[in-house]
Amino acid sequence: MNEHYTPEVEAQIRKDSAQIIARYPDSRSAIMPMLHLIQSVDGFCSPRGIVLVADILGLTRAQVSAVATFYSQYRRHPNGEYNVGVCTNALCAVMGGDIIWDELTEYVGVGHDETTEDGKITLEQLECNAGCDYAPVVMVNWEFFDNQTPESAKQIIDDIRAGKDIHPTRGPEKVHTFKETERVLAGFEDGHVDEGPAAGEASLRGLKIAREHNWTVPQATEGGE
C-alpha cells in the first residue's frame with residue numbers, strides 16, 4: 001500500500017469527512033466515524049489513514065491511534081472482504097458456538113483475527129452478537145445468521161469462496177462487503193436499511209404477550225416510588 005493517498009482519493013475522503021464533522025458540535029467527536037470511513041477505503045485503519053484523520057481534525061497521530069487501538073471494530077491490519085464472527089459467549093457457547101468455532105477454524109485454516117491468503121475471509125471469535133434469542137449466532141460483516149450449526153456455518157464459507165451472494169436471517173437481502181459496510185458505519189446510508197425483517201418472532205414474543213394481556217409499564221408515583 002502506498003504511503004500516501006492519490007490526490008483524487010484524498011480529496012474524496014476530505015469531502016466525506018466534512019459531512020461527518022458537520023454532524024457534531026465538536027469536530028473531535030467525528031473521530032470514530034472517520035476511522036470507519038478510512039476502513040471503507042483501505043480495509044483497515046492504515047497508517048496513512050490515521051495521519052490524514054489527525055490532519056483533518058487537528059489532532060496528533062498518537063491521539064487518533066489511541067482510539068483506533070482501543071475498539072475491536074477498528075483493524076490495524078487489512079481485514080478480509082468478509083468478516084465472519086462466531087459468538088462463543090456463554091449462551092451461544094453452550095448452544096453450540098464453541099463447536100462451530102472449533103470446526104470453522106479448522107475448515108477455513110485460520111484463527112481469531114486472521115485472514116485467508118486470498119483476502120476473502122477474516123475469522124473473529126466474538127464475545128456477544130446481541131442475538132441470544134437465536135443462539136448460536138454467526139455474523140458476517142455485522143449481519144445476523146441465526147440458529148447456526150457447523151454445517152450451515154461451513155456453507156456460508158463455501159458460498160463466500162464461490163463468489164455467491166450470502167443472505168442473512170435478518171437485515172438486508174444480502175451481505176455487502178466489509179468496505180461497503182464500513183462506509184455505512186461511517187454514517188453514509190446505502191439504501192438497504194428497509195430490506196428484510198429487523199426483528200424476528202423470538203425477539204418480539206414478550207411484546208406480543210404484553211399486548212395480549214394489556215400489560216403496560218408501571219407509572220411512577222408522586223415522590224418517584
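**Reading the charged pairs and helices**

Reply: Let's start in helix α8 (residues 201-212): Arg205 and Glu201 sit four residues apart there, so about one helical turn separates them. Helices here are DSSP runs of H or I with at least four residues, numbered from the N terminus, and strands are E runs of at least two. This is a predicted model, where local features need pLDDT of at least 70, side-chain atom pairs count only at pLDDT 80 or more, and totals for chains, interfaces and linings use all residues. Residues are numbered from 1 along each chain as its sequence is written, and side-chain values use heavy atoms, with hydrogens and water left out.

Me: What do the side chains of Arg205 and Glu201 meet in?

Reply: In general, side chains of opposite charge can pair when their charged atoms come close. Here they meet in a salt bridge at 3.9 Å, N to O; the rule is a side-chain nitrogen of Lys or Arg within 4 Å of a carboxyl oxygen of Asp or Glu. By that rule the count is ten salt bridges.

Me: Which parts of the chain does the pair of Asp146 and Arg170 tie together?

Reply: Their side chains form a salt bridge too, at 2.9 Å, N to O. Asp146 is in the loop between β5 and α6 and Arg170 in the loop between α6 and α7, so the pair ties together parts 24 residues apart in sequence.

Me: Is Asp146 buried or exposed?

Reply: Go by relative accessible area: buried is under 20%, exposed is over 50%, and partly exposed is in between (1.4 Å probe, protein chains only). Asp146 is buried at 6%, and Arg170 counts as buried at 8%.

Me: How many residues of α2 are buried?

Reply: Ten of its twelve, including His36, Gln39 and Ser40. The buried residues of α2 pack against α1 (7-21), α3 (47-57), α4 (61-68) and α7. Just after α2, Gly43 takes a positive phi of about 85°.

Notes: Contact means heavy atoms within 4.5 Å.
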